[in-house]
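Work through the following exercises with the model open beside you, and try each task before reading its solution.

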Amino acid sequence: MNNLIRVVLAGPRGKMGTEALQLIERTEHFQFVAAVDYKLGGESIQKINPQIKDKAKIYETLEECINHESFDVLVDLTTPEIGKKHAFLALKNGIRPVIGTTGFTKEELNELKDLASSKELGCIIAPNFAIGAILMMKFSAMAAKYFKDIEIIELHHDQKLDAPSGTALKTVQMIEESREYKRQGHPNEVETETGARGADMNGMRVHSVRLPGLVAHQQVMFGGDGQLLTIRHDSMNRASFMSGVKVAVEEVMNLSELVYGLENIMD
Ligand code: NAP
């Protein structure tokens with residue numbers, strides 16, 4: 001029997017938030033305490049989803065929510081800017097953040113790491129909650145030991161604010177641990193149009209595609225003599241992320257430090 005985990009959700013109106021709201025509602029050991037939405041402060045959660053049975057209130061800001069409610073975990077599915085702000089604010093107030101937004105710099109991650117450790121609180125930042133995407137990154141890191149010629153193509157819907165995606169950045173970071181450095185392409189190659197070769201990330205090239213119709217997709221291509229290996233993952237809808245959100249909310253309760261990436265809590 002799991003202990004009850006009291007959860008606040010920031011961004012309940014969004015595409016991810018809509019799914020997360022249902023996940024929290026249907027998970028027996030999660031208690032939905034409140035939501036944070038800067039446009040619907042003072043309303044009840046039924047304003048967003050009339051099917052929700054809990055009598056939870058919506059607060060305009062996280063500060064206000066913290067002042068009025070007791071809870072264990074903040075799930076943030078807002079924007080990169082707000083996600084960062086909320087991560088710091090939650091930890092400072094003794095709340096464990098599960099952050100799905102991306103765009104954290106190395107410095108910000110280090111700052112959050114120190115804060116979480118000093119408070120002995122769990123904090124999970126997950127650039128990708130889809131279990132298949134975690135495996136795609138793990139398999140890519142394995143393959144990079146044998147193939148050092150790598151190009152990454154990440155594809156997302158055209159409402160995404162940051163590029164490259166957090167998943168691409170995380171993939172590069174995991175690959176770097178096993179890949180011998182190589183600058184991709186011909187040493188004398190020239191871009192006749194700026195950006196044609198994508199972002200140069202430690203010698204690997206990362207290409208960001210943004211189109212309506214896409215959700216979240218990534219393909220990691222490895223080239224070798226007379227052979228190509230492609231590892232690809234596709235999220236077809238936001239439901240694909242929810243099993244990862246559930247695991248993160250459960251696991252953050254057992255942690256006393258920052259974990260960046262779900263792969264670090266998956267065997
Ligand atoms: P979305 O539909 O645009 O949802 C974001 C929601 O946050 C919107 O309803 C937005 O409201 C709201 N919001 C903005 N500022 C806020 C604030 N201060 N307080 C409360 N709510 C606020 O985007 P999405 O597709 O659901 O994605 C949400 C976030 O999760 C994005 O950062 C995205 O990159 C990330 N994401 C993560 C994963 C993962 O696996 N980790 C997967 C998919 C997406 P308005 O639109 O009215 O401003």
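Predicted model: local features only at pLDDT ≥ 70, side-chain atom pairs only at ≥ 80, totals over all residues.

Residues are numbered from 1 along each chain as its sequence is written, and side-chain values use heavy atoms, with hydrogens and water left out.

**Exercise 1**

Describe how helix H5 and helix H6 are arranged, and list the residues through which they touch.

Solution. Begin by locating the helices, which are DSSP runs of H or I with at least four residues, just as strands are runs of E with at least two, numbered from the N terminus. H5 covers residues 131–143 and H6 covers residues 166–176, and their axes come within 8 Å and cross at roughly 30°. Axes are lines fitted to C-alpha atoms, for helices over the stretch in contact, and angles run from 0 to 180 degrees between N-to-C directions. Angles under 35 degrees count as roughly parallel, over 145 as roughly antiparallel, 65 to 115 as roughly perpendicular and the rest as oblique, and H5 and H6 are therefore roughly parallel to each other. Next, look for the contact (heavy atoms within 4.5 Å): H5 contributes Met 136, Met 137, Lys 138, Ser 140 and Ala 141, and H6 contributes Thr 167, Lys 170, Thr 171, Met 174 and Ile 175.

**Exercise 2**

What is the angle between H1 and H7, and which residues make their contact?

Solution. The axes of H1 (residues 15–26) and H7 (residues 242–252) come within 10 Å and cross at roughly 55°, and the two helices are therefore oblique to each other. On the H1 side the contact is made by Met 16, Glu 19, Ala 20, Leu 23 and Arg 26, and on the H7 side by Met 242, Val 245 and Lys 246.

**Exercise 3**

Determine how H3 and H4 are oriented, and name the residues that meet.

Solution. The axes of H3 (residues 80–92) and H4 come within 10 Å and cross at roughly 15°, so H3 and H4 are roughly parallel to each other. Lys 84, Ala 87, Phe 88, Leu 91 and Lys 92 in H3 meet Glu 108, Glu 111, Leu 112, Leu 115, Ala 116 and Lys 119 in H4.

**Exercise 4**

Solution. Then turn to individual atoms: an N or O atom in the side chain of Arg 13 is 2.9 Å from an oxygen atom of the ligand. A nitrogen atom of the ligand lies 3.1 Å from a backbone N or O atom of Gly 100, and a polar backbone atom of Pro 127 is 3.2 Å from a nitrogen atom of the ligand.

**Exercise 5**

How values were computed
Polar contact = N/O pair within 3.5 Å; in protein donor to acceptor, adjacent residues only side chain to side chain.
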